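Dear colleague,

I am passing on to you the structure we spoke about, and I would be glad if you could look through it with the notes below beside you.

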Amino acid sequence: MSTTVILGGGFGGLACARALRSRAPDDHRIVVVDRSSDFLVGAAKTWVMLGEREPEQITRPRAALLPPGVTLSRAEVGRVDAASRRVETSAGPLKADHLVLALGAQLDMGAVPGLAEAAHSFYTLEDAVRLRSALEAFRGGRLILLVARTPFQCPPAPYEAALLIHAALLRRGLRANTTLEVWTVEKAPMPTAGPKMGERIVDELVARDIGFHALQKVQGVDSTRRRIRFESGEVDYDLLIAIPPHRAPQVVVEAGLADAAGWVPVDSTTLEIRANAAASQVYAIGDLAGVPLPGRYDPSLPLVLPKAGVFAAAQGEVVAARLAAALRGEAAAATFDGRGFCYIEVGEKQAMRGDGSFFELPHPVMRAQLPDQAQYRDKVEWVTGWLSAPG
């Protein structure tokens, strides 16, 4: 009996396990390893941040989202030997014929001195709950959303959060005495999606008097003085919300799978790991993978695929199709096409959907419609779909 081990039960891991179970022989063993029992739809954390949903409304037990015939192991991954496809976990060792790494990215507030002590965030469910209390207690002043490092999960998230907070403050009668700003190390919002998409988001910010400060590299934060130190100078704040710096999980770094950029290099279309430390039939999908893009806006600046759950899910399905072909002794034909989408809420239950084709030449292409309530309802339906048991 052969075995596929999937490390991580997020969007990519779930999609891979579901698709593989439907295509693989009945006697093929599929094991999903995740340290948490619950699956979270990250795109809904802003709803928790604003008190529009409770945590239990945007989570589901992973076991309920996996089909029969998939084993879920709730365990920590301690060591990965990609050359032999062996994994050490807190629940015991696993030997795989096919290994899929879908461990996501690790959040590291400590990467910026003082940031962990000074800033709130909404990138974990616990952080979103704490931020909700801070926003409820906020009565005005200078509120800053800070993007300290790139890349990070869900590129539109800081801008969506700013737009939603603006709407919430307006409803509470606090917007007039609040200065709301985004300070970012990026040149423009969602830079991989292209300048037109960035301009579109900046226009939404400007229309609501939300300040946008680009190319601002943070050096540290003083929580006592409530002051952020940038290379360009210092800025005071009353409430600071940060996008945590991201990095690859330490276990894949220790396995020798991360490249100089800090992520796991993969073939763009097959998702097979390119590192010398990996054997064949070892894949990386989702946020920990570094997926190079063929096109560029600037010939001197290479691009990589943004980190988002929709890409992880699509990659998981591609890997499942390739594994199923291998199990049948057939040539694998499925490839990842670099297409995906995201929803950007602008407040008052309106959203715009951006559809991107990131393998296009000479550069990626992304288009978005004007915001409306229909697209917000589409987002709600998309979230609900991920929280439903597989059909």
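The notes that follow take up a sheet and then a pair of helices.

Please keep in mind throughout that this is a predicted model.

In the open sheet, four strands pair in parallel and follow the order β13-β12-β11-β17. Because β13 (211-213) and β17 (239-243) each have a single partner strand, they stand at the edges, and one side of each is left without a neighbour in the sheet. From one strand to the next, the twist averages 15 degrees.

Within this sheet, β11 (residues 141-147) runs parallel to β12 (residues 178-184), and the two are joined by seven bridges; valine 147 is found opposite threonine 184 of β12. Helix α6 (residues 157-171) lies across β11, β12, β13 and β17, and its direction is at about 180 degrees to that of β12.

Turning to the helix pair, the axes of α1 (residues 11-23) and α9 (residues 309-327) come within 7 Å and cross at roughly 30 degrees; since angles under 35 degrees count as roughly parallel, α1 is roughly parallel to α9. The crossing of α1 and α9 is right-handed. On the α1 side the contact is made by Phe11, Gly12, Ala15, Cys16, Ala19, Leu20 and Arg23, while the residues contributed by α9 include Gly309, Ala313, Gly316, Glu317, Ala320 and Leu327. Taken by class, the residues of the contact of α1 with α9 divide into 13 nonpolar, three polar and two charged.

Notes
Residues numbered from 1 in each chain as written. Predicted model: local features only at pLDDT ≥ 70, side-chain atom pairs only at ≥ 80, totals over all residues. Heavy atoms only, no water. Pairing = 2+ DSSP bridges. Axes fitted to C-alpha atoms, helices over the stretch in contact; angles between N-to-C directions. Contact = heavy atoms within 4.5 Å. Parallel < 35°, antiparallel > 145°, perpendicular 65-115°, else oblique. Left-handed = near helix turned anticlockwise from the far one by under 90°. Nonpolar A, V, L, I, M, F, W, Y, C, P; charged D, E, K, R; others polar.
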